[in-house]
Amino acid sequence: MDPLLLEVLACPAEDHAPLTFDDQAQTLTCTSCGRVFPVRDGLPVLLLDEVIQ
Ligand SMILES: [Zn+2]
């Protein structure tokens with residue numbers, strides 16, 4: 001994932017915290033609430049409905 005894109009992404013929950021990208025799992029994890037979001041075809045799916053964990 002583009003590091004610049006990752007920099008501007010934020011959790012869609014109330015915390016709006018930065019996310020960390022897991023290259024192997026292709027997921028984004030919130031540094032605040034710990035929600036895990038999928039990345040599909042290189043596009044982050046930052047929807048609370050799509051949370052993996
Ligand atoms: Zn969060």
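This is a predicted model: local features need pLDDT of at least 70, side-chain atom pairs count only at pLDDT 80 or more; totals for chains, interfaces and linings use all residues.

Residues are numbered from 1 along each chain as its sequence is written.

Colour first by pLDDT, the predictor's confidence in each residue, from 0 to 100. The mean for the protein is 94, and 100% of its residues reach 70 or more. Confidence is lowest in helix α1 (residues 3-8), with a mean of 88, and highest in strand β2 (residues 27-30), with 97.

Next, select the four strands, which form an open sheet in the order β1-β2-β3-β4 with antiparallel pairing. Because β1 and β4 (43-44) stand at the edges and each has a single partner strand, one side of each is left without a neighbour in the sheet. As background, the strands of a sheet pair through backbone hydrogen bonds, either parallel or antiparallel.

Now select β1 (residues 19-22) together with β2, which pair in the antiparallel sense over four bridges; aspartate 22 has threonine 27 of β2 as its bridge partner. Four residues lie between the strands of this hairpin, in which glutamine 26 takes a positive phi near 55 degrees.

Move on to β2 and strand β3 (residues 36-40), which run antiparallel and are joined by three bridges. Leucine 28 has phenylalanine 37 of β3 as its bridge partner, and threonine 29 has valine 36. Five residues separate β2 from β3 in their hairpin, and glycine 34 in the turn has a positive phi of about 80 degrees.

A residue is buried if 20 or more other C-beta atoms lie within 10 Å of its own, exposed if 12 or fewer, and partly exposed in between, with C-beta atoms placed from the backbone.

Finish on phenylalanine 37, in strand β3, which counts as buried because it has 23 C-beta neighbours inside 10 Å. Leaving aside residues up to four places away in sequence, phenylalanine 37 touches several residues, including Leu28, Pro44 and Ile52, where contact requires C-beta atoms, placed from the backbone, within 7 Å.

Definitions and conventions
Helices (H or I, at least four residues) and strands (E, at least two) are DSSP runs, numbered from the N terminus. Two strands pair if DSSP finds at least two bridges between them. Two residues are in contact if their C-beta atoms, placed from the backbone, lie within 7 Å.
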